[in-house]
Amino acid sequence: MSLQATTRPPAQRQARAVRLGPRSVAALALVSAVGVAGFGWPFLAPPTSRLSAHAQDAPWLFAGVLVLLVAVVAAAISESGLGPKAVAMLGVLAATGAALRPIGAGTAGIEPMFFLMVLSGRVLGPGFGFVLGSVTMFASALLTGGVGPWLPFQMLAMGWFAMGAGLLPGPDRLRGRAERAMLAGYGFLAAFAYGTVMNMAGWPFMSALASNVAFDPHAPVAANLARFVAYCLATSLGWDLGRAVVTVVLTLTLGPAVLRALRRATRRAAFETPVTFDAAEK
């Protein structure tokens, strides 16, 4: 009796709705650099800097700059391959994420939109993930009335959050429980990172006289870092932990079905195949 050799079919390369070209990478690097400066200027500027004298103007200044840079990034990514099918996918996922955000309204960290950003970034890649995170946060702000000088910081932080999921290893081969465990672990850590980054957007503008955990422009970097850690522990640890736990639970329970749906939609969309129109018969 002859035995027929069986071979495992090679893993199919996962399609990407957005291919990052040199201009897109440069634009992402630029907006990320400005974002790092916008979030971390208390630790980057020396105590003798006059930035603290304009603390009340800084949120509006950084908001305007970040909105323009995020728009530049979106335009650059669209030039590198954000076709009509990817735009349709972006609209559906952004609308879903925006609708999920008000469910918990941030109460105790119940924010189910984060797990969708993780899974979407994983399946559709880092370029699409950054655009999706930014657009979803903008749409949800319009839906919930959360438009303000903090919005560009939220857009940038959520873009980083979803882009990071697209940069995780094994996008074409890793599947099953191992992939879900990796995504859950990333979601847990990234949820804390998101809360910490967003704390940096508002912490420098507290009055130093009001609290001993507020930013002190005359204190050295180490002292301000200790104040910031104490501020995070005192104000946002509970929300960040709730967000992390909810993201993990939803990723492990709903993750298999959502990942299959996203990958099925990606295969059917065939993002890398150009859209053509047949000539009408005369």
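Visitor: Where does Arg175 lie?
Guide: Arg175 lies in the loop between helix H6 (151–166) and helix H7 (176–202); helices are DSSP runs of H or I with at least four residues, numbered from the N terminus. This is a predicted model, where local features need pLDDT of at least 70, side-chain atom pairs count only at pLDDT 80 or more, and totals for chains, interfaces and linings use all residues. Residues are numbered from 1 along each chain as its sequence is written, and side-chain values use heavy atoms, with hydrogens and water left out.

Visitor: Is Arg175 buried or partly exposed?
Guide: Arg175 is partly exposed, because its relative accessible area is 34% (buried is under 20%, exposed over 50%, partly exposed in between, with a 1.4 Å probe and protein chains only).

Visitor: OK, other topic. Where does Thr251 lie, and is Thr251 buried or exposed?
Guide: Thr251 lies in helix H9, residues 237–269. At 1% relative accessibility, Thr251 is buried.

Visitor: Which residues is Thr251 in contact with, leaving aside neighbours within four places in sequence?
Guide: Phe115, Leu119, Arg180, Leu183, Ala184 and Pro256. Contact means heavy atoms within 4.5 Å.

Visitor: And Leu241, which helix is that in?
Guide: Leu241 lies in helix H9 too. Leu241 has 41% relative accessibility, so Leu241 counts as partly exposed.

Definitions and conventions. Helix = DSSP H or I, 4+ residues; strand = E, 2+ residues; numbered from the N terminus.
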